[in-house]
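Please look at the sequence and the structure shown here. The paragraphs that follow start with the ligand and then turn to a pair of rings.

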Amino acid sequence: MTTSTPFTIKLSTNPTSQENRETILATPGFGKYFSDHMVSIDWSIERGWFDAEVRPYGPLSIDPASSVLHYGQEIFEGLKAYRHADGSVWTFRPELNAARMMRSAHRLALPELPLDLFIESLKQLVSVDKAWVPSAPETSMYIRPFMIANETFLGVRAAERAAYYVIAGPAGAYFAKGVAPVSIWLATDFARAASGGTGAAKCGGNYAGSLLPQKEAYANGCSQVLFLDASEMKYLEELGGMNVFIVLKNGTVVTPSLTGSILEGVTRESIMQLARDRGHKVEERKISFDELRDGFSNGDVAEVFACGTAAVMTPIVAIKGPGFVIGDESAPAGELTMSLRQELTDIQYGHIPDRHGWLTQLA
Ligand SMILES: *Cc1c(COP(=O)(O)O)cnc(C)c1O
């Protein structure tokens, strides 16, 4: 199936009223409200991709023996649609999300959705639900493509039926009161992903395993968990859903190299490019926790931040663990962190030229 295969459009007969939508768009939060429509495309081993639709948002009917409910054969993506000043709606480097979803599909033994169909699915949904894209500063529409195995079969093997969906909903400014530095929790008893496992795939299972350590983080006043490598528990990997960077005193920007257990973030990739454009040395290499701890105390590490589509970049000023605190919880956000964040969001919102051709118009 290619994009010349038209999507069938089934419009909602009961869409949200303009008044209710405007109330929601005024304080959307994150992941709480969804637009009036969704995309679905089915797949079977015999037919490939078929029945591409935009249809009213609503519950799925799923057989209780569907493989996804038992063995977790599921993957997802996350990207945003940004409203520009002229009212048009754009997204950021969707071809990287499409390619990553193919890699995730490969790892989870799910079918690979072709790149053009992935991008077309975003355009179809956002065109129909364009009114759901908010326009206040730093707001966006969060788009969540995902794929599940839905063969009715309890045997353990790759499913022969699957479905791809896209849902979307308005997202408020992540930091409502301005970007706030955070403290993060170091997981010492848990790892996120093992070598040879599914860490480089964006799959629900990785998240399921990160929720208990995240509860531990909350209990200790931190909002996020920093995971170390599973084999030696020595090197920084990433947070539960964000990549991590350090900025050295000499301006070098460093992020853990992709070892197979780290998720290749679109934000990570873009920040490395923007930093290089400014003449910063950028390194992808192992960062030991010892280097980070010593760097915090002797000043070699000037800034630490996490990055991902949802929050863009989050300054990290302290790391806590059982019985220790590194850094200063009341320190301000790093300067380079804040300035790269500004540049990236300025590109996404069309405030400055898109010199790398990163934007794709959706509607
Ligand atoms: C999605 C995700 C990221 C961030 O990726 P972006 O493409 O920048 O949004 C980082 N780590 C994990 C584990 C993720 O799932």
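A polar contact is a pair of N or O atoms within 3.5 Å. The model in view is a predicted one. In it, an oxygen atom of the ligand lies 2.8 Å from a polar backbone atom of Val266. Side chains take part as well: an N or O atom in the side chain of Tyr207 is 2.5 Å from an oxygen atom of the ligand. For Glu238, a side-chain N or O atom is 2.5 Å from a nitrogen atom of the ligand. Taken alone, the ligand exposes 380 Å², and the protein buries 97% of that.

Where does the ligand sit? It sits in the largest pocket. Around the ligand there are 15 residues, and the closest are Lys202, Tyr207, Glu238, Thr267 and Thr309. Sorted by class, this shell has 4 nonpolar, 7 polar and 4 charged residues.

A pair of aromatic rings is described by the distance of the centres and the angle of the planes. The count for this model is 10 aromatic pairs. One of them joins Phe76 and Tyr207, edge-to-face, with 5.3 Å centre to centre and 70 degrees between the planes. Phe76 belongs to strand β4 (residues 74–76) and Tyr207 to helix α5 (residues 204–219), so this pair ties together parts that are 131 residues apart in sequence.

Terms used:
Residues are numbered from 1 along each chain as its sequence is written. This is a predicted model: local features need pLDDT of at least 70, side-chain atom pairs count only at pLDDT 80 or more; totals for chains, interfaces and linings use all residues. Side-chain values use heavy atoms; hydrogens and water are left out. A residue is near a molecule or strand if one of its heavy atoms lies within 4 Å of it. A polar contact is a pair of N or O atoms within 3.5 Å; within protein, one must be able to donate a hydrogen and the other to accept it, and residues adjacent in sequence count only if both atoms are side-chain atoms. Accessible areas come from the Shrake-Rupley method with a 1.4 Å probe; for residues, only the protein chains shown count as cover. On a 1 Å grid over the protein atoms alone, a cavity is a set of points where a 1.4 Å probe fits but cannot get out, and a pocket is an open set with protein on both sides within 12 Å along at least five of seven lines; lining residues have an atom within 4 Å of a point. A molecule sits in a cavity or pocket if more than half of its atoms lie within 2 Å of its grid points. Ala, Val, Leu, Ile, Met, Phe, Trp, Tyr, Cys and Pro count as nonpolar, Asp, Glu, Lys and Arg as charged, and the others, Gly among them, as polar. Rings of Phe, Tyr and Trp (its six-membered ring) pair if their centres lie within 6.5 Å; planes under 30 degrees apart count as stacked, over 60 as edge-to-face and the rest as tilted. Helices (H or I, at least four residues) and strands (E, at least two) are DSSP runs, numbered from the N terminus.
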